[in-house]
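Dear colleague,

I am passing on the structure we talked about, with notes on what turned up in it. Please look it over below before reading further.

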Amino acid sequence: MFLRQREPLIFDRSVPGKRGMDLPKLDVPAAKDTRPAHLRRSGFDAMPELSEVEIIRHFTRLSKWNYGVDDGMYPLGSCTMKHNPRLNEKVAGMPGFTDSHPMAPDALVQGNLEMLYTLQEWLKEITGLPGVTLQPSAGAAGELTGVMLIRAYHLSKGAKRRVILIPDSGHGTNPATAAMAGYEVVELPSLPDGTIAFDDVTDPVNGKVRKGLRTLVSELGSEIAGAMITNPNTVGVFEYRFKEISDLLHSVDALVYMDGANMNALVGVARPGDFGVDVMHLNLHKTMSTPHGGGGPGAGPVCCGANLMPFLPVPVVVRDTVKVGEGEVPRHSYRMDWDRPQSIGKVHTFYGNFGILVRALTYCLSHGSDGLKEATLRAIVNANYIRTRLKGAYALHIDSPSLHEVVFSDTNQAKHDVHTLDIAKRLIDYGYHPPTIYFPLIVPGALMIEPTESEGKDELDAFCDTMLQIAKEAEENPDVLHQAPTLAPLRRMDETTAARKPVLRWTRA
Amino acid sequence: MRYLPSSPLEDRALLDTIGVPNAEALLAGIPEPLRLKRELDLPTQGSEQEVAWQMMDLANKNTRFCAQFLGAGAYDHFVPSAIDAMISRQEWFTAYTPYQPEISQGTLQHIFEYQTLICDLTGLEVTNASLYDGGTACVEAALMAVRVAKKRNTVLVSRGLHPMYRDVLRTNFAPHDDLKLVEVDLKDGVTDLADLQAKLNSDVAAVMVGYPNFLGAVEDLTALAGPVHAVGALLVSVTQEAFAFGWFEAPGKAGADMACGEAMSLGNKPNYGGPFLGFLAVKDAHKREIPGRVVGQTKDLNGETGYVLTLTAREQHIRRDKATSNICSNQGLVALRANIFMQLAGPEGLRGLAEQNAAKAQYLRQRLLELPDMEPVLDQPFFNEFVLRYRGDYAALQEACLKESLLPGLDLGRFYPEYAGCILWCATELHTRQMIESLVEILARVPAAV
């Protein structure tokens, strides 16, 4: 899988005079130079000079130092690395979509608008929430949009609230988002099973008392703008008292934000709109299989209840029914509605990561209501199969029933001085991408495994056999794990020096 | 379902191992009353052929054009074939954020090269793995400037900035009662120096100007830097058309302290506005305040050179509510397209493409001005966009163009009341002389305004 051949930086291969692009002949007079002398481009220091063949080889060789979803199981918990259907890529590349201009009048982009509207309809039915914006570019952008909707809601009632509650098991983006939206974060303690504590919790180590949800709600009351809750939570457990939590928050008119990073465990099975969620985001690059692209682009649509709809970002895609004669099938036209006086404004320059949204709708149409539900159930079965096969060898820190992912702890292996990082790196030697490690923070040495629905029994068994083999190695030959990986293109990296003496770009020697 | 590798026999074996009668039994953790008691009210699954046709039908409902004379933040440029070929390799497009450096060196080295080239384009020293788009890049730049310039609470924004970037800025500043976003007027199509001077004071953290701005006019960064730096504020250049970096001096060399904006022009189609490519480049002294993923060079245990995500102490997964931003997923694959594009173009390609864009725009402007209803508005150096006043009726002009499959420039009145009746035109290397002549010919036949 990995090419054991070193590929230097492109800058070290540059030779003056080579070119990878030929320009068309200029068929108009050359440009007159009207620039002030000090604003004329002076030159480039790093732009390389190579032919197309060399550049293609460069990126092909570099690609062979990457691990992709088609290489094998990629069990990154919470990241949902499922199969990326090729049809989705083909559709997103259709020139009718790719050539369309975001400033073109609505009448000329009816296909785009219908596409966006249709996706909105799917997301509404899937979440049980009537309002949707497709603008946010990623999950974190969706969170920020959602929290700004909550802020607008309170402002419309003349209240400026200052606090957002976030469980200690939540993603780091939640508190970062709340801060970006101008809120103070108050942490909610979680119980050993990762669910939110209603009552105060006493820390067994230092004896400190942490206030539970009930205390916080009664003490902070109308200071609370809302709570951001991941459900299923980051240990894969459904927040089984969700309805009580939302009722309690609603009793002081605080709103419930659901982080939908794990929505792939609920599609077709339960709808956030049915259990008290006011607003949530979806990660289409997780739930709807749009590719991760080595770090993006994603898409983080926000769905909300009727109470928040007036504040949705502009523009909103709407459908009008064109008047037709009696007995005729009604026809529709679509437009961007910019006239929304209570809107929070724009959250993306245009309408979001459109090409990603095209892929997501393609995924939805391919799966249909039946396929979406089947995918959810299959993902849950797969995660529970791994849980069952590995729970003897690896410590299951949390015993509650889990859905689409399972979180182990390294406590069994730690007795042999083998830790989560060693286990993860050893998996690389066996040809797997490691799971998410050291998250959530509430599980010591967490190994968060999410197989997704894309794995069949053979693959699951091979992965479990490998994990069991590693557990055996940890007892018998821990040094093999400390040395791992030895079969990857590189050994473990010196991240400390990278941060202390940062080299963040190439410079000419 | 073709994407699910399940067979009834294997499913049985999985369920037996787990010890449950069926998959639904595993939903026990979800309280019964909270479960959906029906099937989703949506169409059932579609074959590849059916879905492909359905989506193609949507794509075909969009009007296609022979030529688009519209830019305004989304530019139609040629995309070399090598880009799509490369990014369709699964190793690039299916991989996750490079958390495990030993098996992500491809992505990490690419980002290191990309960072180098963005720094080269902008004449600055540090950048990140990308931001979402031009508008959100402005937000990150403004918030970063406030962090860097401690105890200053005001960001001045030129009205020449893309109106939608300003919208996104307003949305994101609204929650911060302690911060002020103040607009600076335009004069002759560029930032009004007198109004800027009047608004500059020791509370100002940053001044953001378009380079070139939405009207296509270039701001003189060097002239602006004087007064901005005199009050201790940072000058932030905002570029919505990255091809302009081949024509105008790198902002970092012309006086800007930070450069941000939109780089979709480097290897992407307009795509109805996304996925695009936000960028932000800053000085080395400010590197620990930059938002988002940053890649650095280091060594492995054997002393081999390699790359890792670094300076993570700024980020949300470590710092939580004290992070420099909440961003994690960015525009990774679009940054890869830009990296490949810049490597293919090289210094000569970037300069040559810029010269062609300038030449086409100048020719288009000259030919349009030969029409009796068009007249010049601004007298500023421009790159590939410019404003003309049209004495006729825009709707009639638009209709005439659409009939001939040409998309005309933007009716500016929608965004700038003072430029009502003006059109923002754009030409790139894609516009042949023939297309320009066709446009002029069509416009010559538009009936005169009543």
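Strand 3 of chain B is covered on both faces, with T154(B), L156(B) and S158(B) buried on one side and V155(B) and V157(B) buried on the other; a residue is called buried if 20 or more other C-beta atoms, placed from the backbone, lie within 10 Å of its own, exposed if 12 or fewer do, and partly exposed in between. Strands (E, at least two residues) and helices (H or I, at least four) are DSSP runs, numbered from the N terminus.

Before the rest, two remarks on conventions. This is a predicted model, in which local features need pLDDT of at least 70 and side-chain atom pairs count only at pLDDT 80 or more, while totals for chains, interfaces and linings use all residues. Residues are numbered from 1 along each chain as its sequence is written, and chains are lettered from A and ligands numbered from 1 in the order in which they are written.

To stay with strand 3 of chain B (residues 154–158), five of its five residues are buried, so this strand is largely enclosed by the rest of the structure. Five bridges join strand 3 to strand 4 (residues 180–184) of chain B, and the two run parallel; two strands are taken to pair if DSSP finds at least two bridges between them. S158(B) has V184(B) as its bridge partner in strand 4 of chain B. Together with helix 7 (residues 163–173) of chain B, these two strands make a right-handed β-α-β unit, right-handed meaning that, with the strands pointing away from the viewer, the path from the first strand over the helix to the second runs clockwise. Strand 3 of chain B also pairs with strand 7 (residues 204–210) of chain B, in the parallel sense and over four bridges, and there V155(B) stands opposite A206(B).

Helix 9 (residues 221–230) of chain B has L221(B), L224(B) and V228(B) among its residues, and these three are buried. They cover an arc of only 65 degrees around the axis, which puts them on the same side of helix 9 of chain B, the arc being that of the directions from the helix axis to the C-beta atoms. The face turned away from this buried side carries the exposed residues G226(B) and A230(B). The buried residues of helix 9 pack against strand 6 (190–191), strand 7, strand 8 (234–239) and helix 10 (251–254) of chain B, and the helix is followed by G232(B), whose phi is positive, near 80 degrees.

For chain B overall, there are 14 helices and 17 strands, and buried residues make up 61% of its 450 residues.

In chain A, eight of the eight residues of helix 6 (residues 173–180) are buried. They pack against several elements of chain A, including helix 5 (139–156) and strand 2 (163–167), and also against helix 11 (316–319) of chain B.

As for the interface, 173 residues of chain A are in contact with 166 residues of chain B, a contact being two residues whose C-beta atoms, placed from the backbone, lie within 7 Å. Helix 10 (residues 354–390) of chain A gives the most to the side of chain A that touches chain B, with 22 residues.

Finally, three strands of chain A form an open antiparallel sheet in the order 12-14-13. Strand 12 (406–408) and strand 13 (436–437) stand at its edges with a single partner strand each, so one side of each is left without a neighbour in the sheet.

With best regards
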